[in-house]
Structures are given as structure tokens and as C-alpha cells.
Amino acid sequence: MRDWFTIANLENIIEQYHLLGPIFGIFLTALEAFIPVLPLVVIVVANVNAYGIILGIVISWVGSVVGAYGLFLVARRFGKHPRLQRLVQNKRVQTLIKWVDMKGLAPILVLLCFPFSPAVIINIVAGLSHIRKYYYLVALIIGKFVMIAVTGGLGYDLRAILTDPKKLILVICGIILLWIIGKWVENKLNKRVERDLRAVSKESHS
């Protein structure tokens, strides 16, 4: 494994990836919206190293927006499907849908800016809510650009990162920091969801 994991081998993989063309990069980032086990950070890093930082970010951004908006439209279109209804019946999802209807796009836009947010849940909840399609598309365009630009900037120039321990440590710290901030924001919003809905429930019973 150690012999295989070399700079030369990684550069060869990136070159082969580049030869597949930008459509493949768009396809992978779009597919990640539907299959969250795919590592979005790794895909973005591969794109910026294969196609350059500007084109790589654009490719990742377009694919991510297309995939996320596609999942949003699927949830909006097939919200009454038995499988989606099972998800909707989940208490946490119902709570999030109600809160999104109350608060609108602002909290969702914040979550979309972080690479480790629960993107699948966000897109499905938004699709099942009453948010207008156009507004959600705008939120995706802004939020995904911020997230992918930061991620792509951290992962650009793989050779320099892997050969310079200081840069490698900085990138790892940057990714960990993004994960920590994203989880902190998510937890804060979850607590706010519960607090706001409790307040609404008290008002409706008073």
C-alpha cells in the first residue's frame, strides 16, 4: 500500500481523471447529492487538481448545484411517494420542515456553505417545505459556491500539499476546522429549531 500511495501514482490518477473530461467531474459532484457516501471533498480536490483551480471549482460548483437542485425537485415532485412519506413521518424531519416554512432560506443558506452539513436532508426538507423553487436555487448557487471555493482552495496543488508537511498540516487543520464549525452551526440551528417551535406551540395553546 505504501509503495502504491506515491506522488507519481496520485498524479497519474489525476491525469487519467482529467482525460475523462469535465462532464465526468460534473457527473460525480451531481451524483454525490443523491449518494452521500461519496466523498464530496475528495471529488472537489480531484477536480481542481485535474482541471485547474478556476475550472475545477466551476465544474464542482455546477455539478453540486445540479445534483442538489435535482434532489430538491424529486422531493417536491414525489413528496407523497410511500418511501418519502416514511421519511416525512420522522419527527425530526417534520420539525425541520415546519421550521424551514417559518424561517425561510437564511438558516439553510448558512448550512449550505459548509462541506460536512447533512446536504441530503437539507435538500429533501427544502423540497418538502413551501420554499419557492427559484429562491432555493438562488440559495444553492450562493451556498455551494462558498463551500466549493473554500474546499477547492484548500485542496489545490496536491503535489505541494503532500510534499510539504506544513501545508499538509494546514490543509488538514482547515478541513477539521470546517467540520467543527459546520457541526457547531448545525447544533445551534437544531437547538433554535426546538426553541422556536416550542414558542409557537405555547402561543397556539394560549
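1. Helix 8 and helix 9 are roughly antiparallel to each other, because their axes cross at roughly 160° and angles over 145 degrees are counted in that class. The two axes come within 12 Å, and the crossing of helix 8 with helix 9 is right-handed. This arrangement is taken from a predicted model.

2. On the side of helix 8, the contact is made by A119, I122, N123 and A126. Helix 9 contributes Y136, L140 and K144. Sorted by class, the residues of this contact comprise 5 nonpolar, 1 polar and 1 charged.

3. A second pair to consider is helix 3 (residues 40–51) with helix 4 (residues 53–77), whose axes come within 7 Å and cross at roughly 140°. Helix 3 is therefore oblique to helix 4. The crossing of this pair is right-handed.

4. Where helix 3 meets helix 4, the residues from helix 3 are V44, N47, V48 and Y51. Their counterparts in helix 4 are I53, L55, G56, I57, I59 and S60. By class, this contact has 7 nonpolar and 3 polar residues, with no charged residues.

5. As to the chain as a whole, the protein contains 11 helices and 0 strands. Of its 206 residues, 39% are buried. Among contacts with a separation of 6 or more, 77% are between residues 24 or more positions apart.

6. Which residues of the largest nonpolar core touch the most other members? They are I108, L112, I122, Y136 and L140, in a core of 21 residues. Two or more residues each come from helix 4, helix 6 (91–103), helix 7 (106–112), helix 8 (119–128) and helix 9 (133–155). In soluble globular proteins, nonpolar side chains tend to be buried together.

7. I122 deserves a separate remark, as a residue of the helix 8 contact with helix 9 and of the largest nonpolar core. With neighbours within four places in sequence left aside, I122 is in contact with I108, L111, L112, S117 and Y136.

Terms used:
Residues are numbered from 1 along each chain as its sequence is written. This is a predicted model: local features need pLDDT of at least 70, side-chain atom pairs count only at pLDDT 80 or more; totals for chains, interfaces and linings use all residues. Side-chain values use heavy atoms; hydrogens and water are left out. Axes are lines fitted to C-alpha atoms, for helices over the stretch in contact, and angles run from 0 to 180 degrees between N-to-C directions. Helices (H or I, at least four residues) and strands (E, at least two) are DSSP runs, numbered from the N terminus. Angles under 35 degrees count as roughly parallel, over 145 as roughly antiparallel, 65 to 115 as roughly perpendicular and the rest as oblique. A crossing is left-handed if the near helix is turned anticlockwise from the far one by less than a right angle, and right-handed if clockwise. Contact means heavy atoms within 4.5 Å. Ala, Val, Leu, Ile, Met, Phe, Trp, Tyr, Cys and Pro count as nonpolar, Asp, Glu, Lys and Arg as charged, and the others, Gly among them, as polar. A nonpolar core is a set of buried Ala, Val, Leu, Ile, Met, Phe, Trp, Tyr and Cys residues joined through side-chain atoms within 4.5 Å. Buried means under 20% relative accessible area, exposed over 50%, partly exposed in between (1.4 Å probe, protein chains only).
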